[in-house]
Amino acid sequence: MPSVDASRRRLRLSDSHISVLGLLVEEEQIPEELFVARSELRDSGIVDADDKIAADLYPLVTTLMEPRVIVQVEISGSHGVIPSGAVIGDDFIFTHESWPGDAESEYVPAEPETLVWALARMVDLHRDFTDGIDGDEEIVSTMGAFDDVVAHMETGRFEEPGAVAEAANAPTRLAEVLSQLNCMWRMTVAWKGTEAQATLGNGLAVSALAVWDCGIEGYWLREVPAEPVIDGQVDESSELRVRRTTAKELWRMITDLLPDGAQLAPAPQSQPTS
């Protein structure tokens, strides 16, 4: 169920609740498949009987309707893929995190100075003993070998990484690292950039990175295939190259993902009324 914690400006909303709120702002009809979501919003007091949205939600709703920057975080682990992220508008920033098995995500306001910290916390970025290791270890293989290693590990037939590597025809070091895998996470930042910066259609600029969190084996940055990866761009023969890195470097990389003011296209100007 959706809910509001007014004292800390926190909200719990699902994607269907967000869809209903957007339609109400646009004064559009609510389709039948969203009737349950609208009823839940009414029951929680977020929307009244006349479909008027509570004033506490206007900062979030207006930010979602006209975002300047969108951050998507996908964490893949034993619970499946858990989506989180942030939405940045002209006046407000909201982060959102989901919980395994829950339909709702928690939306929380953030300040510009705390955004990198919030994103790092979403992926559980933490220091460990590998931060003191000198040099960057690298593993080169193929995406097909990676898939085979993961598939063999999931069957549980082999206990030793060496046996997994042999069965998958993959580097032993790849199997050793993946045997300690906690999760993989990908962070993608999209914004309406200048014409020179646009990397996708509709003038969107994108920056992204993909990381393996491998416990005692540390953090590994996937350099090839480089993010963002487009559908159909990668197959089993595609090269895989990962490099061991540190939490300190990843903090810097997360910071660098976010565009500065000079990289953003000018905000759309409201049209004067006659």
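## H152 in helix α5

H152 is found in helix α5 of this predicted model. H152 has a relative accessibility of 19%, so this histidine counts as buried, the cut-off being under 20%. Which residues does H152 touch, leaving aside its neighbours within four places in sequence? H152 is in contact with R157, F158, V164, A167 and A168.

Helix α5 spans residues 143-155. The helix lies across four strands: β7, β8, β9 and β11. Against β7, helix α5 runs at about 95°.

## Overall make-up

The protein has 274 residues. Of these, 41% count as buried. Eight helices and 11 strands are present.

Contacts also reach across the sequence. Take the contacts with a separation of 6 or more: 59% of them involve residues 24 or more positions apart.

## The sheet

The 11 strands form an open sheet. Their order is β1-β2-β6-β5-β4-β3-β8-β9-β10-β11-β7, and the pairing is antiparallel. Strands of a sheet pair through backbone hydrogen bonds, either parallel or antiparallel. Which strands stand at the edges? They are β1 (3-5) and β7 (138-142). Each has a single partner strand, so one side of each is left without a neighbour in the sheet. From one strand to the next, the twist averages 20°.

One pairing can be followed in detail. Strand β11 covers residues 239-245 and pairs with β10 in the antiparallel sense. Five bridges join β10 and β11. R222 stands opposite V242, a residue of β11.

The loop between β10 and β11 holds P225. P228 has its place in the loop between β10 and β11 too.

## Nonpolar cores

The largest nonpolar core has 31 residues. Which residues have the most contacts inside it? They are V71, L119, W185, M187 and L209.

V71 shows how parts of the chain meet. Neighbours within four places in sequence are left aside here. V71 is then in contact with S84, G85, A86, H96, L119, M187, T188, V189 and L258.

## Helix α1 and its two partners

Two packed helices are described by the angle between their axes and the distance between the axes. Helix α1 spans residues 15-25, and helix α2 spans residues 35-43. Their axes come within 9 Å and cross at roughly 85°. That angle falls in the range 65 to 115, so α1 and α2 are roughly perpendicular to each other. On the α1 side, the contact is made by S16, H17, V20 and L21. On the α2 side, A37, R38, E40 and L41 take part. The residues of this contact divide into four nonpolar, two polar and two charged.

Helix α1 also packs with helix α3, residues 58-65. The angle is about 85°, and the axes are 10 Å apart. These two helices, α1 and α3, are therefore roughly perpendicular to each other. I18, L21, G22 and V25 in α1 meet V61, L64 and M65 in α3.

## Positive phi in two loops

D124 lies in the loop between α4 and β7. D124 is not a glycine, although its phi is positive at about 55°. Is D124 buried or partly exposed? D124 has a relative accessible area of 47%, so it counts as partly exposed.

N169 sits in the loop between α6 (161-168) and α7 (172-178). N169 too is a residue other than glycine with a positive phi, near 55°. N169 has a relative accessible area of 70% and is exposed, because the cut-off is over 50%.

Terms used:
Residues are numbered from 1 along each chain as its sequence is written. This is a predicted model: local features need pLDDT of at least 70, side-chain atom pairs count only at pLDDT 80 or more; totals for chains, interfaces and linings use all residues. Side-chain values use heavy atoms; hydrogens and water are left out. A nonpolar core is a set of buried Ala, Val, Leu, Ile, Met, Phe, Trp, Tyr and Cys residues joined through side-chain atoms within 4.5 Å. Buried means under 20% relative accessible area, exposed over 50%, partly exposed in between (1.4 Å probe, protein chains only). Contact means heavy atoms within 4.5 Å. Two strands pair if DSSP finds at least two bridges between them. Axes are lines fitted to C-alpha atoms, for helices over the stretch in contact, and angles run from 0 to 180 degrees between N-to-C directions. Angles under 35 degrees count as roughly parallel, over 145 as roughly antiparallel, 65 to 115 as roughly perpendicular and the rest as oblique. Ala, Val, Leu, Ile, Met, Phe, Trp, Tyr, Cys and Pro count as nonpolar, Asp, Glu, Lys and Arg as charged, and the others, Gly among them, as polar.
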